[in-house]
Amino acid sequence: MPMPTLLPNNGSVWEARLERASAYALYLHVPFCAQKCAYCDFSSWPTLRDDPLMAAYAEALAQQVDEAESLGLLEGAETGYIGGGTPTLLGAESLGLLTRRASALGLSELSCEANPDSLSDPVLASLVDGGATRVSIGVQSLDDAELRELGRLHDSETAIDRVGAAVSSGLDVSCDLMCATPRQTDESWTSTLDKILMPGIGHVSVYPLMIEEGTAFERRYGDDDCEWNSDEVQALRMEMSQAKLEGHGFNRYEVASSALAEKECKHNIAYWTGQPYLGLGTKASSMLTLKGYLRLCGTCGSLPDPPEGASRARLTVLNASQEIAADASLSALRFAAEFLDPAQAAAEDLMLGARLSAGLDPGLVSHARGLLPGLDACLESLVSEGFLSVSSGARDSFRPTEKGWLLGNELYGRLWELAPGEVVSPGE
C-alpha cells in the first residue's frame with residue numbers, strides 16, 4: 001500500500017512550501033532521562049525524578065509555544081511531537097501541561113515518546129486527557145540480557161505490560177526496536193518481533209545499532225571488529241523484521257518505519273516531505289522558510305541576517321535546559337544557523353524523500369529539475385545502478401529499491417551532491 005500523500009503532486013506545491021511563513025510541525029525536546037543508555041548520543045542527561053528543573057523547563061516550553069503562536073509561527077500547524085530524552089520522566093502534571101498546550105493548537109496528530117519504566121498509569125492518563133493521539137514507546141528489545149547490555153532500565157515483562165496499558169488507553173501505539181546489538185541472535189530477534197506484534201500495535205520502527213562517538217558503546221566497542229553489528233548482520237535483521245511485519249499487515253512506508261493502514265506517523269512524514277517545522281527546547285532543531293525565519297527574527301535579535309538568495313533556514317537551539325527554565329522568552333534563545341538557497345533546498349528534499357517507500361514525489365522532481373541541471377543524469381544513473389526504480393507509465397516517479405533501502409547512505413549522498421556550493425553557516 002503506498003504512503004498517503006499530504007499534498008497534491010505538482011511542482012507548484014513544492015514551490016509554495018518555500019513561501020509558507022509558519023511551521024507545519026512542532027517539536028518539543030525534553031532532555032531528561034533516568035539513565036543514559038549505552039548507545040545514546042542524543043541531547044539528554046540523567047536527572048533525578050524529583051529535580052525541580054523538569055517542572056520549570058516544561059513550564060518554559062509551554063510559554064515558548066504561547067509566544068510562537070502569537071507570532072504566527074504555528075498558524076495552521078498540523079502535527080506535534082514531544083521527544084527526548086524521556087518526556088514521560090516529567091511526570092503526569094508537567095507532561096500534561098505540555099500536551100495540553102500543544103494540542104490546543106488544533107493539531108491533527110500529537111505524539112509523545114515514552115520509556116516503559118516511566119510510562120505509569122497517571123502519565124498515560126495525562127497524555128489522553130491532554131489531547132495526545134500517539135505514544136511511541138522505546139521498547140528496543142524483549143530479551144532481558146540484551147536490555148541490560150543496552151543500559152535500559154526496564155525488563156521485557158515491564159515493556160509488555162506498559163505497551164498493553166498504552167493500547168488499552170486508546171492512544172495509537174508505536175514501538176521502537178533496535179537490531180544488530182550485543183547478545184542479539186537471529187532467534188532472540190525473531191522472539192522480540194513475535195512478542196511485540198500484539199493486537200493494538202499500529203506502528204513499529206526498527207533501527208540498526210550505530211556505535212556513536214562519545215557513547216559508552218564507543219568506549220566499549222569502538223576499536224573492536226563487532227561481527228554482531230556488521231553491515232551483513234544489520235541488513236539481515238532489517239530484512240527479517242520487514243518480512244515479519246509484512247506478514248502481519250504492516251507496510252514499510254519509510255526506511256525504518258512500518259505501519260498498519262492509516263497508522264503512519266504524519267509528523268515524521270512531514271520531515272521527509274519538506275514541510276517547515278519549529279523545534280523548541282535545548283538542542284531542538286527547526287527548518288523554516290525564509291518568511292518564517294524573518295518572522296522569528298523579529299523577536300530573536302541574536303539571529304543573523306539571512307544571506308542573499310536564502311530560501312530555507314536550519315536552526316539549533318544552543319541554550320542549556322537551565323537557561324531555558326530561567327528565562328522562557330524566545331528573545332533569550334541563541335541558535336546555530338545555516339541557510340540553503342532554493343537549489344540546495346531542492347537537493348535536500350530529494351535526499352529526504354528517498355527515505356520513503358512512495359519515493360520521490362513527481363512534483364518535487366519537476367520542481368527540482370529547474371534548479372539542478374544534473375538531476376536527470378543522476379536519476380538515470382541511480383536507476384541503472386539499482387538504487388531507484390521507475391514506476392511503469394508514470395513520469396518522474398522514482399522509488400527506492402531494496403538495494404536503495406539497504407545502502408541508503410549512498411543513495412542519499414548522491415542526491416545531496418547535486419546541491420551547488422556550500423551551505424552558509426554564519427559565524428563559522
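## A buried tyrosine and its ring partner

Y271 counts as buried, because its relative accessibility is 19% and buried means under 20% relative accessible area (exposed is over 50%, partly exposed in between, with a 1.4 Å probe and protein chains only). The model is a predicted one, in which local features need pLDDT of at least 70 and side-chain atom pairs count only at pLDDT 80 or more, while totals for chains, interfaces and linings use all residues. Residues are numbered from 1 along each chain as its sequence is written, and side-chain values use heavy atoms, with hydrogens and water left out.

A search of the whole structure finds seven aromatic pairs, where rings of Phe, Tyr and Trp (its six-membered ring) pair if their centres lie within 6.5 Å, and planes under 30 degrees apart count as stacked, over 60 as edge-to-face and the rest as tilted. One of them joins Y271 to Y277 in an edge-to-face arrangement, at 4.7 Å centre to centre and with 70 degrees between the planes. Y277 is also buried, with a relative accessible area of 11%.

## A ring pair between helix and strand

The pair of Y293 and F339 is edge-to-face because the ring centres are 5.1 Å apart and the planes stand at 85 degrees. Since Y293 belongs to helix α11 (residues 290-297) and F339 to strand β14 (residues 335-340), this pair ties together parts that are 46 residues apart in sequence; helices (H or I, at least four residues) and strands (E, at least two) are DSSP runs, numbered from the N terminus. Y293 is buried at a relative accessible area of 0%, and F339 is buried at 2% relative accessibility.

## Further ring contacts

Ring pairs also link F217, Y221 and W228 into a cluster. R252 lies over the face of W405, at 4.0 Å from the ring centre, and R355 lies over the face of W272, at 4.2 Å from the ring centre; a charge sits over a ring if NZ of Lys or CZ of Arg is within 6 Å of the ring centre and within 35 degrees of the ring normal.

## Strand β4 and its neighbours

Six of the six residues of strand β4 (residues 79-84) are buried, with T79, Y81 and G83 on one side and G80, I82 and G84 on the other. Strand β1 (residues 25-30) runs parallel to β4 and is joined to it by six bridges, given that two strands pair if DSSP finds at least two bridges between them. Within this pairing, L28 has I82 of β4 as its bridge partner.

Strand β5 (residues 109-114) pairs with β4 in the parallel sense over four bridges, and S111 in β5 is the bridge partner of Y81.
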